[in-house]
Structures are given as C-alpha cells and as structure tokens.
Amino acid sequence: MGKSKLLFITHEMSPFLELTKISEITRQLPQAMQDKGFEIRILMPRFGNINERRNRLHEVIRLSGMNIIINDNDNPLIIKVASIPAARMQVYFLDNEEYFQRKQVFGDKDGKFYADNDERMIFFCKGALETVKKLGWAPDIVHCHGWMSALVPAYLKTTYKDDPTFKHSKIVYSIYDNDFTDQLDAGFARKAVMADMTEKNTEVYKPGTNSALYAGAIQYSDGIVLGSANIDQEVLNNVKSSNKLVLDYESTSDFENYYNFYDEITNDELVHVA
C-alpha cells in the first residue's frame, strides 16, 4: 500500500490519557501501521488532566487561531503537539479553555456527567477535521475511536464529502463497550448540524445515548471494527444489518488483521455511502 495516509481520531491514548482499553489500541495500532509503511497522524482532546510539562506539549501557532462555531458561539481552538520518541509519532491535541480545562474528563468529582458533553464532542469532531484541513494533509483512511469521535463519519459524508482534503477518504469506526450510560443534551442533534446538513442528517444520533452515537457512526462509516468482546447486542445487531465491511474482534495484539482490513477498505469498489 506504500505511503498511505492514516488518520486516527480518539479521545484517549496512552501514555497521555488512560481511561479504557481504547488508550492501549490507539497507542499500539498507529505504531504497528507506521512500521507497515503508513504515514500517521493522531488527534485527541487536550483534557485538563493531561500534564503538559511531563508530556512536553507545546502550541502549534500555525494551526491555532481557528474558531469552532457551536450554537452561534465562537469557540477558540488551540492546537498543541507532543512526540512519542520511541515511536517517532506526533500527537496533535485540541484545546479550548472552556471545554477541556477541567480536572475530570467526562464528569465532575462526584461522577455527574457534564451537561455540555454534547458541545465538547461537537467541538472536538469539527475541530479535528478543520485541523487536518489546515495541515494540508489528505488522509486515505480516517479511523475513529470512542464515542467522542462518533460525529466525524457523519461530517465526512456530508459537509466535507467534496472537500479536497477528505473527498477520497474512507472511514473506519471502532466500537467498544458502552462508555457511558447517561444521555447527551436534548438539543444535541440540532447543535451538531453543520453546513450542507439538516437535522435529518443527525436524526440517528438524536437520543444522545452511547448506542445512538454508535448507530450514527455505523450509518456513515465505510467499515466497522469490533474492538471489544463485550459489545452491546443492540449495537451488534445494528452492525450486522448495516452490511458494512466488518473486522471482527480478536484478542491478539497482532495488528496484521487491521492492515488487511485497511487494504480491503481502500480497494473496495462497493463501499456504501450513507
């Protein structure tokens, strides 16, 4: 496959933030694919409990300065970067003082789900795609991990479908255990609408549950990865009925199956477009 370009979008990655199994996969898989010859980029939020000094994050001035509009409000986007020397990989962090500068990640110190998690998610998904555009780097494959990236497939198949950066990108979404049992704000689907979209495009996400976010990502993706052995049955049924290309769960840390799956995705002429 030569120097194919592979973009990872995730809300956690070891060693920066380790909440679930996702952090292990998003640390090991990019390196394995880089060793296979892929050119890699990784994007994640810069949550407040990520230590900037220890992880040597620094701002990328040429990428910062954008504003992400949510509910008619302009939200400044700051881009920071850190390197993983052992892997020769760079990770880009999306930062915003209002959304991410908190000591906890998705809920307060008492475990209460943040009321604005919907806006934090929208900010991250929009910001990630705008950052890649500003990088001038057109990915062949966009691989999303975790519920916070679930809007990316919808945006890529609607607002960004003819954008030169993404018009040839194939979208892969990894599904894991349900990450949360709460619901996003009732106005989530409306707020998530971007240019060239209507609320019909985000209707599948409207319930704001973990399963609904997965349902939306499944609908708009070209391929689905089952990243866990304990996926909710409703979600599994949704995957099965979608007729999308699926990579079944394997407990092995050998990533040859991912490499073959990416190859299948990029060479599949029958990719479904939502």
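Helices (H or I, at least four residues) and strands (E, at least two) are DSSP runs, numbered from the N terminus. The model shown in these views is predicted.

**View 1. Asparagine 243 sits in the loop between helix 8 and strand 10 (245–247).** Most residues other than glycine have a negative phi. Asparagine 243 is not a glycine, yet its phi is positive, at about 60°. Is asparagine 243 buried or exposed? Its relative accessible area is 56%, so asparagine 243 is exposed.

**View 2. Aspartate 72 also has a positive phi without being a glycine.** Here phi is about 70°. Aspartate 72 belongs to the loop between strand 4 (66–70) and strand 5 (73–84). With a relative accessibility of 74%, aspartate 72 counts as exposed.

**View 3. Serine 14 and proline 15 are joined by a cis peptide bond.** Most peptide bonds are trans. In this one, omega is about 5°. Proline 15 lies in the loop between strand 1 (5–10) and helix 1. Look next at serine 23, which is part of helix 1. Leaving out residues up to four places away in sequence, serine 23 touches Glu12, Met13, Ser14, Leu17 and Glu18. Serine 23 has a relative accessible area of 3%, which means that it is buried.

**View 4. Helix 1 (residues 22–35) crosses helix 9 (residues 256–267).** Two packed helices are described by the angle between their axes and the distance between the axes. For helix 1 and helix 9, the axes come within 10 Å and cross at roughly 70°. Helix 1 is therefore roughly perpendicular to helix 9. The crossing of helix 1 and helix 9 is right-handed. Which residues of helix 1 and helix 9 meet? Helix 1 brings Ile25, Leu29 and Met33, and helix 9 brings Tyr258, Tyr259 and Tyr262. By class, the contact between helix 1 and helix 9 has 6 nonpolar residues, with no polar and no charged ones.

View 5. The whole structure holds 15 aromatic pairs. One of them joins phenylalanine 38 and tyrosine 262 in an edge-to-face arrangement. Their rings are 5.8 Å apart centre to centre, with 70° between the planes. Phenylalanine 38 is buried, with a relative accessible area of 2%. Tyrosine 262 is buried as well, at 0%. In the pair of phenylalanine 106 and tryptophan 147, the centres are 5.0 Å apart and the planes meet at 55°, so this pair is tilted.

**View 6. Helix 7 (residues 210–220) is largely enclosed by the rest of the structure.** Why is it described this way? Because 10 of its 11 residues are buried. Among them are Asn210, Leu213, Tyr214, Gly216 and Tyr220. Which elements cover the buried residues of helix 7? The cover includes helix 4, helix 5, strand 8 (170–175), helix 6 (188–191), strand 9 (223–226) and helix 8 (233–242).

**View 7. Helix 7 packs against helix 8 at an angle of about 15°.** Their axes are 10 Å apart. Angles under 35 degrees count as roughly parallel. Helix 7 and helix 8 are therefore roughly parallel to each other. Their crossing is right-handed. Ser211, Tyr214, Ala215 and Ile218 of helix 7 meet Glu234, Val235, Asn238, Val239 and Ser242 of helix 8. This contact has 5 nonpolar, 3 polar and 1 charged residues.

**View 8. Valine 172, in strand 8, is buried.** Its relative accessible area is 0%. Which residues does valine 172 contact, neighbours within four places in sequence aside? They are Ile141, Val142, His143, Cys144, Gly223, Val225, Phe261, Tyr262 and Ile265. Valine 172 and phenylalanine 261 are 89 residues apart along the chain, while 9.6 Å separates their C-alpha atoms.

Notes
Residues are numbered from 1 along each chain as its sequence is written. This is a predicted model: local features need pLDDT of at least 70, side-chain atom pairs count only at pLDDT 80 or more; totals for chains, interfaces and linings use all residues. Side-chain values use heavy atoms; hydrogens and water are left out. Axes are lines fitted to C-alpha atoms, for helices over the stretch in contact, and angles run from 0 to 180 degrees between N-to-C directions. Angles under 35 degrees count as roughly parallel, over 145 as roughly antiparallel, 65 to 115 as roughly perpendicular and the rest as oblique. A crossing is left-handed if the near helix is turned anticlockwise from the far one by less than a right angle, and right-handed if clockwise. Contact means heavy atoms within 4.5 Å. Ala, Val, Leu, Ile, Met, Phe, Trp, Tyr, Cys and Pro count as nonpolar, Asp, Glu, Lys and Arg as charged, and the others, Gly among them, as polar. Rings of Phe, Tyr and Trp (its six-membered ring) pair if their centres lie within 6.5 Å; planes under 30 degrees apart count as stacked, over 60 as edge-to-face and the rest as tilted. Buried means under 20% relative accessible area, exposed over 50%, partly exposed in between (1.4 Å probe, protein chains only).
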